Amino acid sequence: MNDATNKSVSNINTAEYWDQVYSEEWQRGHVTSQDYNRDYGPIHDAIIALIPDGSSVLDIACGPGILCRKVKQRLPNTKVMGVDFSQYTIEKNRELDRSLGVEYACLDIGNSFRSIQREFDAITMCEILEHLDEPERVVADAMSLLRNGGRFILTCPHDNEIPDPEHVRQWGHDELFHLLAPYSETISFTHFPPPYFHIWMLAYLNKG
């Protein structure tokens, strides 16, 4: 059995798995609480500061819509679309954000989001890279949806060992730089220390 097959077998990140995770979080009221563990506070603030108001924004692996919601509330002239492969959380997001006008779609992030037939001014991939078996292909697919000159923003845990069965790969500064370097001459980084689970990093570029 080759390494790719091993990864595929061991990767628990399926739509069914995340439907269960998110359904429990929604039903227990975690998603709308003030101390929801998926609200990344200053990391989200840094992301939003990189998005000009009036942009069209795609959030890949939006989960319970925390970032989508914040972008639309703070940058009201943006057009925001969030995609995730958990049907449960997409439906709950639509209910919660109907008045905000955020668009949500359920699709397989690993295989099908290139089916979106339009370009975006900004694309975010937050806390998803470490879950992917084929991150290079997913990033390439995302870049195909970003207009030339558009901004791509990615966040993930930084480097150190990650005691989490959901995470299939560690990412350090150098690995992330090489992943993104084909798409821009300049990759900018910001690092965030605890109190989060681990040191976090944010990388962004303007598509060249």
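Biologist: At what angle do helix 2 and helix 5 pack?

Modeller: Please keep in mind that this is a predicted model. Helix 5 covers residues 87–96, and its axis lies 8 Å from that of helix 2. The angle at which helix 2 and helix 5 pack is about 35°.

Biologist: Which residues of helix 5 make the contact with helix 2, and how do the residues of that contact divide by class?

Modeller: From helix 2 come Asp 19, Tyr 22, Ser 23, Trp 26 and Gln 27, while helix 5 brings Gln 87, Tyr 88, Thr 89, Lys 92, Asn 93 and Leu 96. Taken by class, the residues of the contact of helix 2 with helix 5 are four nonpolar, five polar and two charged.

Biologist: Is the crossing of helix 3 and helix 4 left-handed or right-handed?

Modeller: The contact involves His 44, Asp 45, Ile 47 and Ile 48 of helix 3, together with Ile 66, Leu 67, Lys 70, Val 71 and Arg 74 of helix 4. By class, five residues of this contact are nonpolar, one is polar and three are charged. The crossing of the two helices is right-handed.

Biologist: Which residues lie nearest the centre of the largest pocket?

Modeller: The largest pocket has a volume of about 890 Å³, and its lining has 18 nonpolar, 13 polar and 11 charged residues. Helix 2, helix 4 and helix 6 (135–143) each give two or more residues to this lining. Of the 42 lining residues, those nearest the centre are Asn 13, Trp 18, Glu 127, Ile 128 and His 131.

Biologist: Which helix gives the most to the lining of the second largest pocket?

Modeller: The second largest pocket has a volume of about 230 Å³, and its lining includes Ile 66, Arg 69, Lys 70 and Gln 73. The lining residues divide into four nonpolar, four polar and four charged. With four residues, the element that gives the most is helix 4.

Key. Residues are numbered from 1 along each chain as its sequence is written. This is a predicted model: local features need pLDDT of at least 70, side-chain atom pairs count only at pLDDT 80 or more; totals for chains, interfaces and linings use all residues. Side-chain values use heavy atoms; hydrogens and water are left out. A crossing is left-handed if the near helix is turned anticlockwise from the far one by less than a right angle, and right-handed if clockwise. Contact means heavy atoms within 4.5 Å. Ala, Val, Leu, Ile, Met, Phe, Trp, Tyr, Cys and Pro count as nonpolar, Asp, Glu, Lys and Arg as charged, and the others, Gly among them, as polar. On a 1 Å grid over the protein atoms alone, a cavity is a set of points where a 1.4 Å probe fits but cannot get out, and a pocket is an open set with protein on both sides within 12 Å along at least five of seven lines; lining residues have an atom within 4 Å of a point. Grid points are joined across faces, edges and corners, and a volume is the space filled by probe spheres set on the points. Axes are lines fitted to C-alpha atoms, for helices over the stretch in contact, and angles run from 0 to 180 degrees between N-to-C directions.
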